[in-house]
Amino acid sequence: MVNPAPIRAEVAMAFRLVAMLVVMLAGAGFIPPSQAGPPKDGVQPRLIVLISIDQFSADLFNGYRDQFRGGLKTLAHGIVYANAFHTHGITETCAGHAVIATGRHPNATGIVANQWFDQKDSVDRYCTDDGVHVAARTIRKSGTGPGLLEVATLGDWLKAASPASRVYSVAGKDRSAIMMGGHQPDGAFWFDGKQGFDSWGTSVEAARQRLRSLEKVNEAVFRRIAGREIRWLYHRKACRTLEASFPLDGGGVFHAHLPPDPPAPVSGRPEASGPALPPWFYDSVTIDAALSLIETERLGRASATDLLAVGLSGTDMVGHAYGTQGPEMCDHLVRLDEGIGRLLRRLEALRIPVAVAVTADHGGSDIPERLKRRGYTGAGRIDAADLLGTLNVAVRGAVGVDWNTLKPAFFDPTQLVIVDAGGKALGDAALKQRIADAAAQYALDHPGIAGAWTGKQLQGRKPDPRFLPDQLSFADRMALSFYAQRSGDVLLATDPLKVPAPPFPGLFMTGHSGPSDFNRRVPILLWRPGIAHQERALPISVVDLAPTLAALAGVSPSGDVDGRCIDIAEFGVRCTPQRETVAAGEGDGR
């Protein structure tokens, strides 16, 4: 008869060796197949990471896709929607982040732009100047917080359904962090560009209490920037091949190279107190902060689903200051790719069910000077002062008033507000409409203006839901951005290849606030460890992302949404039947 004792001892020893091997491999970064396999249908993630890359157009994603080696390469091997569209027309950062977080268009969120002319109080208002909340460090007389956001966010839905869930947001810009964090986050943080991260709360003390979560990160950031210059040199030498010089509209020459030339002084703009930090630094410290929150708050380590929203703002800074097709953007994307790789490696090492969604608040195009050299002969600039002066003269003559009735909404020449002789919002409704009609009519005759609408034409207009997001007319797109009392009285759309501003290299060379597809088309990338790659080419709307992630988390929106949940079994999303929330539109949508 065989003695079983030695066999049991050998089996026990084998199990101990396997266990030791698993521990050793895990420490080396290896994840056991049971953990690294594809996400199982119906497995709810413990942590959802929602990343917005500011001004990361689908054109940028596709143009550099074969050069990614780090985190963006990993994400591009998940589920890829290369043709996602913001369906609204005023494509700015605050508005776009509100859309990402809520699944609602700006005509519902109330966040129509980064800033606007508040017609009720006749004051310029920034999108986070809510007059209710305050920041821990920054003192603004109009407050700092999410109070102007009129609807709930994904994080709010999550907190309402599961109070144990934690919701954090961190970004390089306050408007990105605040909009994505929503009304009830456990913390919303943004990099102030000088010392470290700031936060908001119901009082300064409450804001400072929240900021303690990033106390060590702020200490490390301050040590990095105190008394030293952070230089922007090439991280990948291949980007040097994009160096070039371009004559600028209006005179001067723009030299595209690294390190960038310092910005030229601008009349009326105070000089900076010290050297500006390069855009990649904003993303680097934002990722540092995200990693710190994952550790210090132990995100994803409880039974409830947590949400971490990350706003990477550097791409937008590069696009505005230098354009999207030069060595500056090339080098920045190399660094961004590596930074996102750091984040994904840590998420994989957690060995918990985790899901990552990446998109952008808007897209953008290149500077017109480089576009002209590349054969786009229609590219150029519009003199905004000449446009405004011409319209005011025409309207005065047509309507018979003796003052300039049109002013740009917070320096935006494509949103015009109608004011009285004292600069206040005009109260005479009939006269106001006559002025608006005349301004819209004359604007269409101005070179470079592709569309002009009055608020009356846009208010209440609803796109035909049968049209895909890439098929909406300019008027439909602008209508989805119109919110009474905050939007301009006359909205203009420039030719897609025209920039309504002069060039200031290193400060502002191009914008993106318009309804063209350059500005609306962005990627949506969905990834979980072990997921199989899929390309989904047909257009979807960015408003679909929030309800889809809500279904992934097992919660429902707390009100109507403009987007729809998309069934993505490979990502773990099964949608419940939803009632239609968008009624059939007026007109044929063309």
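Here is a tour of rings and charges, stop by stop.

Before you click, note that this is a predicted model, where local features need pLDDT of at least 70, side-chain atom pairs count only at pLDDT 80 or more, and totals for chains, interfaces and linings use all residues. Residues are numbered from 1 along each chain as its sequence is written, and side-chain values use heavy atoms, with hydrogens and water left out.

Start by selecting Phe191 and Phe281. Their ring centres are 6.1 Å apart and their planes at 50 degrees, so the pair is tilted (rings of Phe, Tyr and Trp, the last by its six-membered ring, pair if their centres lie within 6.5 Å; planes under 30 degrees apart are stacked, over 60 edge-to-face, the rest tilted). Phe191 is in strand S7 (residues 187-191) and Phe281 in helix H11 (residues 279-296), 90 residues apart (DSSP runs numbered from the N terminus: helices are H or I, at least four residues, and strands E, at least two). Phe191 counts as buried at 3% relative accessibility (buried is under 20% relative accessible area, exposed over 50%, partly exposed in between, with a 1.4 Å probe and protein chains only).

With centres 5.0 Å apart and planes at 80 degrees, Phe191 and Tyr282 make an edge-to-face pair. Tyr282 is buried too.

Last, pick Arg335, whose charged end sits over the ring of Trp280, 4.4 Å from its centre (NZ of Lys or CZ of Arg within 6 Å of the ring centre and within 35 degrees of the ring normal).
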